[in-house]
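Hi,

Here is the structure I promised to pass on.

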Amino acid sequence: MRAGNTTNSKPSISDWLIWQLIDSAFPTGGFAHSSGLEAAWQHGEVRGRAELAAFVETSLDQLAHAALPFVLAAYDKPEMLNEFDSLCDLFTTNHVANRASRAQGRAFSTTCSRVWPSPAVSAVDALVRQGAGHAGPAMGAMLAALAVPAESARQLCLYGTARGVLAAAVRLGIAGSYDAQRLQHDVTAAMLAVADRCRALDERDLAQTAPLLDLLGAAHDRLYSRLFQS
């Protein structure tokens, strides 16, 4: 994931900023959520490495058709953030996913506004606070305000999804730390393929590609015991 000046080997300011955004220490609340994995695990849909790998790849494809179009649309037209946010709220009918999207979008915006205060960042944060604050639109507009290149923004969202699911898998005991890292590497090709296939999608191309994952995720609140919020 490269950005900024590539004419020399030294990282640019944009490189450092991207690395900070994808660092697990960046406080967006993502690690409080399993993206439906906990429910899938408790319902017996994910038991081992093969099922976990399939879950990650399916999650990436779903992200690319449901959340990523909002990221790209808000990145290109941040002044329409409120409209995209309202559309995202209507599209995200799963109440658990809707709640998680709001929490993570607002957390991402708040953190960015506190870490990198500027007129552009503050303007986006104010718009996020006016609406539901869903993750896709909020991230897209905020990454544009931070001058993160569009290709890096796309890759950042895909990487964060894969890493979040695999981190949840480790905490749930589905995979060990080393195996999760191997899986993270193994899905790189899938992430690149999804990024290339969906680079032109916007809010007019929204689709639900994984209804089973959506149903499992919606059952999260009914689990007898829960480690995650979604």
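A residue counts as buried when its relative accessible area is under 20%. By that cut-off, Phe26 and Phe108 are both buried. Keep in mind that this is a predicted model.

Now the rings. Searching the whole structure turns up four aromatic pairs. One of them joins Phe26 and Phe108: the ring centres are 6.2 Å apart and the planes sit at 65°, so this pair is edge-to-face. Phe26 is in the loop between α1 (13-22) and α2 (37-42), while Phe108 belongs to helix α6 (residues 95-115), so the contact ties together parts 82 residues apart in sequence.

Phe26 also pairs with Trp116. Here the centres are 5.7 Å apart and the planes are at 25°, so the two rings are stacked. This pair, too, links distant parts of the chain: Trp116 lies in the loop between α6 and α7 (119-130), 90 residues from Phe26.

How buried are Phe26 and Trp116? Phe26 has 8% relative accessibility. Trp116 has a relative accessible area of 17%, so it is buried as well, given the under 20% cut-off.

A few points on α6, the helix that carries Phe108. It has 21 residues and spans 30 Å from first C-alpha to last, close to the 30 Å expected. Its buried residues include Val96, Gly105, Phe108 and Cys112. At its start, a side-chain oxygen of Asn94 comes within 2.9 Å of the backbone nitrogen of Val96.

Best wishes

Notes. Residues are numbered from 1 along each chain as its sequence is written. This is a predicted model: local features need pLDDT of at least 70, side-chain atom pairs count only at pLDDT 80 or more; totals for chains, interfaces and linings use all residues. Side-chain values use heavy atoms; hydrogens and water are left out. Rings of Phe, Tyr and Trp (its six-membered ring) pair if their centres lie within 6.5 Å; planes under 30 degrees apart count as stacked, over 60 as edge-to-face and the rest as tilted. Helices (H or I, at least four residues) and strands (E, at least two) are DSSP runs, numbered from the N terminus. Buried means under 20% relative accessible area, exposed over 50%, partly exposed in between (1.4 Å probe, protein chains only). The expected span of a helix is 1.5 Å times one less than its number of residues. A polar contact is a pair of N or O atoms within 3.5 Å; within protein, one must be able to donate a hydrogen and the other to accept it, and residues adjacent in sequence count only if both atoms are side-chain atoms.
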